[in-house]
Structure formats: structure tokens, C-alpha cells
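Here are my notes for a colleague who is new to this entry. Please read them with the model open beside you.

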Amino acid sequence: MATEVKKETAKVVTPAPAAGAPKPRVLICDDSRIVRASISQHLRDRFELREVTDGEAAWQAILLDSSIRVVISDLTMPKVDGFELLNRVRSSKVQRIRELPMVIISGEDEAGERERAASLGATDFIQKGVGAAELLARMEVLVRLSTTREMLAESQASLESSRTVDSDTELLN
């Protein structure tokens with residue numbers, strides 16, 4: 001009995017970034033060129049993509065590139081695997097890195113690995129071969145989450161720096 005593979009053909013209509021606005025950057029970390037190409041094909045019109053082949057290269061990119069909004073990572077890779085990458089990201093002393101949305105690529109038969117990744121702080125999971133509509137919708141939501149968190153942190157810092165103490169009452173103004 002042959003297994004039928006369904007291919008998603010529906011066009012996804014998502015609003016384009018405002019004129020002059022940069023596309024949000026997504027880091028794709030997978031040692032499989034085919035998986036990276038498949039994900040890139042779905043995302044390249046809406047996002048600026050950066051691709052790496054192992055967890056160590058992903059970690060270096062995350063440290064050096066503050067414009068990365070979402071990371072998509074495989075679990076089994078050379079040098080540093082996806083579990084160690086997740087651990088490094090979630091235990092970072094830098095808030096921007098610690099709160100970065102981490103999407104894990106998994107196969108249908110990897111339930112135990114998904115549970116372990118969830119316990120380490122994975123934000124979301126996608127299955128290999130995910131359709132364009134689902135992948136785009138998830139990336140849009142996670143980019144908004146990342147951007148909102150960044151704006152909140154900036155607002156909090158601004159509020160903290162503008163606080164003053166009234167010299168007569170010793171209360172915060």
C-alpha cells in the first residue's frame with residue numbers, strides 16, 4: 001500500500017512589512033540542507049533568513065545578531081545539539097536571548113524528544129514537512145511575541161530611568 005503525501009497548495013496571504021521596514025530575521029538551524037531549503041522556501045518572502053548547520057554556529061549567531069526574532073532548530077546536529085542549544089538559550093544571562101522564541105523541528109516518531117525539549121523551554125514544535133500556511137502563521141505569532149517583549153523591556157527601562165524621588169516626601173514621582 002503506497003503512502004499518499006499531501007502537498008499544501010493554498011496560497012498564504014500575509015501582510016507585507018511596511019514600506020522601508022526590515023523583514024524580521026529568523027535563524028534556521030539544521031544539519032540537513034533539504035530541511036533548511038524546505039523551510040526557507042516557505043518563509044523567504046516574509047522573513048529575512050539566516051541558516052546554520054549546527055548548534056554551535058546557531059549559538060554564535062544568537063550571541064552576535066540581536067536582530068534574530070525566532071530560532072528554528074533541529075534536535076540532532078553535530079557539535080552542539082538542539083537540546084544543548086535550548087539549554088544555553090534558556091540559561092543565558094541576557095534577557096533578549098533567554099526569551100527568544102525557540103521552535104523545534106521534529107519527526108512524528110520523536111514524542112520523547114519533544115517532551116524533553118519542552119521541559120528545557122521550547123516555545124513551539126513543527127514537524128518536518130510542515131505546510132506553508134501553518135509555518136507562516138506560527139512564525140508571525142512568534143515574531144510579534146518577540147517584538148512585544150522587546151518593546152516591553154525598553155518601556156520598563158525607560159520608566160525606571162525616569163523615576164525620581166521627591167526630596168520633601170521621599171516618595172517616587
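1. Start with two helices. In this predicted model, helix α1 spans residues 33–43 and helix α6 spans residues 132–162. They pack at an angle of about 75°. Their axes are 9 Å apart. Angles from 65 to 115 degrees count as roughly perpendicular, and α1 and α6 therefore fall in that group.

2. Which residues of α1 and α6 meet? From α1 come I39, H42 and L43. From α6 come A132, L135, L136 and M139. Sorted by class, this contact has six nonpolar residues and one polar residue.

3. Is A133 buried, partly exposed or exposed? Its relative accessibility is 32%, so A133 counts as partly exposed. Now look across to H42. A133 and H42 are 91 residues apart along the chain. Their C-alpha atoms are separated by 8.4 Å. H42 is also one of the α1 residues that meet α6.

4. Next, step back to the whole chain. The protein chain has six helices and five strands. How do the elements run from the N terminus on? The order is β-α-β-α-β-α-α-β-α-β-α. The chain has 173 residues, and 35% of them count as buried. Consider contacts with a separation of 6 or more: 59% of these join residues 24 or more positions apart.

5. V70 is a residue to check in strand β3, which covers residues 68–74. The relative accessibility of V70 is 0%. Buried means under 20%, so V70 counts as buried. What does V70 touch, leaving out residues up to four places away in sequence? The list holds R25, V26 and L27, then L100, P101 and V103, then M139, L142 and V143.

6. Move on to the loop between β3 and α3, where α3 covers residues 82–90. K79 is found in this loop. K79 has a positive phi of about 65°, although it is not a glycine. Is K79 buried or exposed? Its relative accessible area is 72%, so K79 is exposed.

7. D81 is found in the loop between β3 and α3 as well. With a relative accessibility of 28%, D81 counts as partly exposed. D81 and C29 are 52 residues apart in sequence. Their C-alpha atoms are 9.9 Å apart in space.

8. Last, the aromatic rings. How many aromatic pairs does the structure hold? The number is zero. Charges over rings do occur. The charged end of R116 sits over the ring of F83, 3.8 Å from its centre. R46 lies over the face of F47, at 5.9 Å from the ring centre.

Notes:
Residues numbered from 1 in each chain as written. Predicted model: local features only at pLDDT ≥ 70, side-chain atom pairs only at ≥ 80, totals over all residues. Heavy atoms only, no water. Axes fitted to C-alpha atoms, helices over the stretch in contact; angles between N-to-C directions. Helix = DSSP H or I, 4+ residues; strand = E, 2+ residues; numbered from the N terminus. Parallel < 35°, antiparallel > 145°, perpendicular 65-115°, else oblique. Contact = heavy atoms within 4.5 Å. Nonpolar A, V, L, I, M, F, W, Y, C, P; charged D, E, K, R; others polar. Phe/Tyr/Trp six-rings, centres within 6.5 Å; stacked < 30°, edge-to-face > 60°. Lys NZ or Arg CZ within 6 Å of the ring centre and 35° of its normal. Buried < 20%, exposed > 50% of the residue type's maximum accessible area, 1.4 Å probe, protein only.
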